[in-house]
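Here are my notes on the model, point by point. Have the structure open while you go through them.

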Amino acid sequence: MIDPSWNKEGIKVTCQDPCNLVRKGLGDGVADDLRFVIKQVVGEENFVDMWPNKSNNYCCGGGGGYLQSGFVEKRRAFGRIKFDQIQATDADIVVTPCHNCRSQITDIGQVYGGKYQAVHLWSLIVKAMVRKSTATPL
């Protein structure tokens, strides 16, 4: 069972649509699924979408091996567009199901002074999970 009531402080959450998953992969359907799950675990009122989004979303600048390429200044310069897009949402948390996106978004947040935290989706799913006790009282 999932319960979004852990988010009593109204922490705002947005999501990154990874290029390999959405634009070059499964399309807007998987982006819609991602948003459905996020809204279930943080509360729909706490979700703020980026614009543009889904298959029109901006690349984070770290994909396609660029994160490991060694061209740090250029990678961060490409990521500036993503950073500005995230800042426009005023979100506290950026959810991304992609390891490269998470690392890039964390890095550009630190470099450009972002106040958000980048997390994998499962981190929020775990916060919202309600575990039923099956133990029998003694």
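1. Ground rules. This is a predicted model, where local features need pLDDT of at least 70, side-chain atom pairs count only at pLDDT 80 or more, and totals for chains, interfaces and linings use all residues. Residues are numbered from 1 along each chain as its sequence is written, and side-chain values use heavy atoms, with hydrogens and water left out.

2. Overall layout. The chain has 5 helices and 3 strands, running β-α-α-α-β-α-β-α from the N terminus. Helices (H or I, at least four residues) and strands (E, at least two) are DSSP runs, numbered from the N terminus. Along the principal axes, the C-alpha atoms fill a box of roughly 60 × 30 × 30 Å. Of the 138 residues, 41% are buried.

3. Contacts and surface. Take contact as heavy atoms within 4.5 Å. Among contacts between residues at least 6 apart in sequence, 74% join residues at least 24 apart. The chain exposes about 8100 Å², with carbon and sulfur atoms supplying 55% of that; these areas come from the Shrake-Rupley method with a 1.4 Å probe, and for residues only the protein chains shown count as cover.

4. A search of the whole structure finds 6 of them. In the pair between aspartate 17 and arginine 35, the closest N and O atoms are 2.8 Å apart. This pair links distant parts of the chain, with aspartate 17 in the loop between β1 and α1 (19-26) and arginine 35 in helix α2, 18 residues apart. Aspartate 17 is buried, at 2% relative accessible area, and arginine 35 is buried too, at 4%.

5. Aspartate 32 is partly exposed, at 38% relative accessibility. Lysine 54 also has a positive phi of about 50 degrees although it is not a glycine. For context, most residues other than glycine have a negative phi, and most peptide bonds are trans.

6. Also in the loop between α2 (28-42) and α3 (72-89) is proline 52. A cis peptide bond joins tryptophan 51 to proline 52, with omega about -5 degrees. I'd give that one a look on screen.

7. Which residues does threonine 89 touch, beyond its neighbours within four places in sequence? They are Thr14, Val48, Asp49 and Met50. Threonine 89 is found in helix α3 and is buried, at 9% relative accessibility. Its C-alpha atom is separated by 7.0 Å from that of aspartate 49, 40 residues apart along the chain. Then comes aspartate 90, in the loop between α3 and β2 (93-95). Aspartate 90 has a positive phi of about 60 degrees although it is not a glycine, and is exposed, at 62% relative accessibility.

8. Arginine 80 is partly exposed at 34% relative accessibility, as is aspartate 84 at 39%. Elsewhere, salt bridges that share partners join Asp17, Arg35 and Asp49 into one network.

9. Asparagine 7 sits in the segment before β1 (13-15) and is buried, at 6% relative accessible area. Leaving aside its neighbours within four places in sequence, asparagine 7 is in contact with Val42 and Asn46.

Key: Buried means under 20% relative accessible area, exposed over 50%, partly exposed in between (1.4 Å probe, protein chains only). A salt bridge is a side-chain nitrogen of Lys or Arg within 4 Å of a carboxyl oxygen of Asp or Glu.
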